[in-house]
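I opened my notebook for a new structure today. Here is what I looked up, entry by entry.

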Amino acid sequence: SKSMSTSEETSLSPGPQIGNNSTPNTSERATKKVKEASKKVMDTVSTEATPRPRAPSTFKATKYLNRLFHSGGGQKRSKPFALSNLVDSKPSTVVAAPAVRPGQGNLHELKDACDSIVTYFKSDEDIVALGDDSISRNIHVLVRARLCSTLLKLFNFGLRPRLRVSNNKTHRVHVWHFLLELADSFDGVKDTELIKGYDHSMKRFKQAISTVKSVPGLQDLAKGKDDACFRAFVCAGLMDNVLHEWVSLSSVADRTLVAKWYALESVIRSELLPDAVSALEELKGFPFKLQLDYETSQLDL
């Protein structure tokens, strides 16, 4: 009984007090180990819960491009696309387009206009009626509305912007004014090898200028007089079958005069002029019968 009471007193006796130097028992050591393990677990959870640093924007772009280029439904993706492929890759070789000469577009339009007239004359056996603008309005459209407009663009390309004074008014120069001065320059031309063979063309050129200037009512037009004179001049050249020669006269004319009116990049002073002359030469031989006073005699124009 004495031993039983002693063991009961031992089990019921209070544990060591905090602050005492007594050694902790087994239960306290176990509790301490549990707390340390819990702390490790919490540290691990906290670390895993910490959000990862955001990927740079290039990662998002690469991921988007991967989906864009490899979004074949259920198909095996090829090698992933990387944005660095665009940045670090060598630039591809660019094949330069053939250089287009200044005024070449105007030359193509002129060739198309001439081809249309040639095709028109081949559409019927009665080509005489086809070339008469008093019978067929189609030739009026093909010549005045298309050919003359295209030829005017070609002459206007590279024309130096100049002003002239007439009747105390300032006007912009027109191709027609260049043709007038070109005709006057033929008076002082000497017979040289350069102009050999152009004597007849020069003579007809000057006669056509004089004829157009004397067309009734043409000089009295309030608007578009210079354009109308230019169209009448072209019609005169077609009827005489020398329009292509008249255009080529600018290549044998006084160079100082041509340089005064046209810049170096103009068709008149370029290697494209012979091509323009060849296109107009295709119209030689067709029976054109065009009224020079058409624009003043027709009320609907």
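**Cysteines**

I began with Cys114, which is buried at a relative accessible area of 1%. I am working from a predicted model, by the way. Cys148 is buried too, with a relative accessible area of 2%. Next I asked which cysteine sulfur is closest to that of Cys148. It belongs to Cys235, and at 5.1 Å the two are too far apart for a bond. A disulfide would need the sulfurs within 2.5 Å. My count by that rule is zero disulfides.

**Helix 10**

Is helix 10 largely enclosed or open, I wondered, and why? Eleven of its 15 residues are buried, so the rest of the structure largely encloses it. After the helix comes Asn241, and I wrote down its positive phi, near 60 degrees.

**Aromatic rings**

I then searched the whole structure for aromatic pairs and got eleven. One of them joins Trp176 and Phe233 edge-to-face, with 6.4 Å between centres and 65 degrees between planes. This pair links distant parts of the chain, since Trp176 sits in helix 8 (residues 175-185) and Phe233 in helix 10, 57 residues apart. I checked burial for both: Trp176 has 3% relative accessibility, and Phe233 has 4%, so Trp176 counts as buried and Phe233 does as well.

I looked at Phe178 and Tyr262 next, an edge-to-face pair at 5.1 Å centre to centre and 85 degrees between the planes. Phe178 is in helix 8 and Tyr262 in the loop between helix 12 and helix 13 (273-281), so the pair ties together parts 84 residues apart in sequence. Both residues, Phe178 and Tyr262, are buried.

I also traced a cluster in which ring pairs link Trp176, Phe186, Phe205, Phe233 and Trp246. As a side note, I saw Arg144 over the face of Tyr294, 4.2 Å from the ring centre.

**Ser250**

My last stop was Ser250, in the loop between helix 11 (243-248) and helix 12 (255-261). Is Ser250 buried or exposed? At 6% relative accessibility it counts as buried. A polar atom of its side chain lies 2.9 Å from the backbone oxygen of Val247. Leaving out residues up to four places away in sequence, I listed Val258, Ile268 and Leu273 as the residues Ser250 touches.

Conventions
Residues are numbered from 1 along each chain as its sequence is written. This is a predicted model: local features need pLDDT of at least 70, side-chain atom pairs count only at pLDDT 80 or more; totals for chains, interfaces and linings use all residues. Side-chain values use heavy atoms; hydrogens and water are left out. Buried means under 20% relative accessible area, exposed over 50%, partly exposed in between (1.4 Å probe, protein chains only). Helices (H or I, at least four residues) and strands (E, at least two) are DSSP runs, numbered from the N terminus. A polar contact is a pair of N or O atoms within 3.5 Å; within protein, one must be able to donate a hydrogen and the other to accept it, and residues adjacent in sequence count only if both atoms are side-chain atoms. Contact means heavy atoms within 4.5 Å. Rings of Phe, Tyr and Trp (its six-membered ring) pair if their centres lie within 6.5 Å; planes under 30 degrees apart count as stacked, over 60 as edge-to-face and the rest as tilted. A charge sits over a ring if NZ of Lys or CZ of Arg is within 6 Å of the ring centre and within 35 degrees of the ring normal.
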